[in-house]
Every structure is written in C-alpha cells, then in structure tokens.
Amino acid sequence: VIMSEENVVVELYEPSAGIISPAELAQCTAAKAYLHISGIDFITREARNAESMSVSGQFPLLRTDTCPLEGFPDLIKYVSAKGKSPSSTLDEREKAKLDAYVALVQETMITAETYLAWKQKDNAAISKQRYGADYCPPLNYLLPWLKERAVKHGLKANGWLAKTTTEVKLYFALNSGIVSLLGSR
C-alpha cells in the first residue's frame with residue numbers, strides 16, 4: 001500500500017541503519033508492528049541524530065498530529081486515545097495480564113540486549129564502531145565513548161552492570177518461555 005505523505009499523521013524516526021543498536025532496532029520494529037496492527041498509517045524516517053531528537057533518549061520516537069511521543073508506553077496511550085487499540089476486545093483482567101507480560105518482556109529484553117551490545121567485550125567493540133560510523137573525527141571516537149558511558153551508567157542504576165553474561169542469557173531464556181506461553185494461548 002502506497003501512502004501519500006499528506007494523509008500520514010504519524011512519523012516514526014529511527015537511527016540510520018549503520019548506527020542503530022539491537023535494542024533500538026527492537027523498539028522501532030515493535031512500534032511499526034503495533035502501528036500496523038492498530039491500523040494507523042505511518043511513515044518511517046531515518047535520521048542520524050534520532051537519539052538526540054529524543055529528549056529522554058527512548059525509542060521509538062514518533063511525531064504525531066498532536067505531539068511528539070517517546071517510548072512504547074506513550075505509543076500505546078496514543079493508539080488507545082485514537083480508539084484503535086488492538087486490545088480493545090479484551091476484558092479488564094486480560095488487559096492487565098497483557099500489560100504485565102509486555103512490561104516484563106520489554107524491560108528485561110531491552111536491558112539484556114543493551115547489556116550484550118555494550119558490556120560484552122566482543123560486541124562492545126562492534127557497537128562502538130557502528131555508533132561512530134556516520135561521524136567524522138573526532139566525533140566518531142567521542143560519541144561512542146559517551147554512549148558507552150551513558151549505557152553503563154544506566155545498567156549500573158538498574159543493577160545490571162554487575163551481572164555476568166550467563167545471567168543475562170538466562171533472562172533471554174526465561175523471556176522466551178513467557179513468549180512461548182503467550183503464543184500458545
């Protein structure tokens with residue numbers, strides 16, 4: 001389906017392909033799927049400075065007809081306010097369970113992906129290189145260092161910095177079990 005830009009009221013901004021992290025890619029992909037399932041037309045725009053455009057640094061970053069949105073919870077509220085929520089047919093108990101599962105999976109999976117991308121030695125070197133790829137010296141060295149520092153600060157605040165890779169991979173296994181359980185219902 002080809003959409004003309006005049007009819008689109010939602011724009012999804014994501015980092016350029018070379019610098020997007022797995023966690024950011026997951027957030028943007030989830031937003032695209034949610035908007036598609038909800039029947040809301042949107043257009044995706046790549047922006048080198050997408051992370052800087054977001055005040056909170058959260059993805060997905062959307063511009064709507066009324067205001068900018070940052071993060072998946074804001075997207076869910078926006079879609080609900082439009083009356084197009086895919087969970088509108090669920091009763092209150094089922095909605096509460098769905099919200100709990102989504103929050104659990106999203107919070108642990110995004111944090112675990114961030115840990116593996118920036119804390120695990122092999123992946124951290126690749127993440128730094130990708131993050132700085134679109135910038136010229138000295139920004140291509142400085143910005144990845146600042147990003148790594150910010151990520152490690154966030155992981156420390158969440159209690160994830162001291163975890164081992166084995167512990168983080170266990171979170172993936174647990175969340176995969178939850179996703180399988182949800183898929184069977």
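Trainee: How many bridges join S1 to S3, and do they run parallel or antiparallel?

Mentor: S1 and S3 are joined by 3 bridges and run antiparallel. Two strands count as paired if DSSP finds at least two bridges between them. Before we go on, this is a predicted model, where local features need pLDDT of at least 70 and side-chain atom pairs count only at pLDDT 80 or more, while totals for chains, interfaces and linings use all residues. Residues are numbered from 1 along each chain as its sequence is written, and side-chain values use heavy atoms, with hydrogens and water left out.

Trainee: Okay. Which residue in S3 is the bridge partner of Tyr13?

Mentor: That's Leu61.

Trainee: And how many bridges join S1 to S2?

Mentor: There are 5 bridges, and S1 and S2 run parallel. Val10 has Phe42 in S2 as its bridge partner.

Trainee: What's the strand order in the open sheet?

Mentor: The order is S2-S1-S3-S4, an open sheet of 4 strands with mixed pairing. Strand S2 (42–46) and strand S4 (68–70) are at the edges with a single partner strand each, so one side of each has no neighbour in the sheet. On average, neighbouring strands here are turned by 25° against each other, direction ignored.

Trainee: How do S3 and S4 pair?

Mentor: Strand S3 (residues 61–63) pairs with S4 in the antiparallel sense, over 3 bridges. Leu62 has Leu69 in S4 as its bridge partner.

Trainee: Switching to the whole chain, how many helices and strands does it have?

Mentor: It has 7 helices and 4 strands. Those are DSSP runs numbered from the N terminus: helices are H or I with at least four residues, strands are E with at least two. From the N terminus on, the elements run β-α-β-α-β-β-α-α-α-α-α. Of the 185 residues, 36% count as buried.

Trainee: Which strands does helix H1 lie across?

Mentor: Helix H1 (residues 22–38) lies across strand S1 (10–14), S2 and S3, and runs at about 165° to S1. For these angles, axes are lines fitted to C-alpha atoms, for helices over the stretch in contact, and the angles run from 0 to 180 degrees between N-to-C directions. Helix H3 (residues 72–81) packs on the sheet too, touching S1, S3 and S4, and its direction makes about 130° with that of S4.

Trainee: At what angle do H1 and H3 pack?

Mentor: About 10°, with their axes 11 Å apart.

Trainee: What about H1 and H4, how do they pack?

Mentor: At about 150°, with their axes 8 Å apart. Pro22, Ala23, Ala26 and Gln27 of H1 and Gln106, Ile110, Glu113, Thr114 and Ala117 of H4 make the contact.

Trainee: New topic: is Trp118 buried or exposed?

Mentor: Trp118 is buried, with a relative accessible area of 3%. You'll find Trp118 in helix H4 (residues 92–118). Leaving aside neighbours within four places in sequence, Trp118 is in contact (heavy atoms within 4.5 Å) with residues including Ala124, Tyr131, Pro144 and Lys147.

Trainee: And where is Lys147 found?

Mentor: In helix H6 (residues 139–157). Lys147 counts as buried at 16% relative accessibility. The C-alpha atoms of Lys147 and Trp118 are separated by 9.1 Å, though the two are 29 residues apart along the chain.

How values were computed: Buried < 20%, exposed > 50% of the residue type's maximum accessible area, 1.4 Å probe, protein only.
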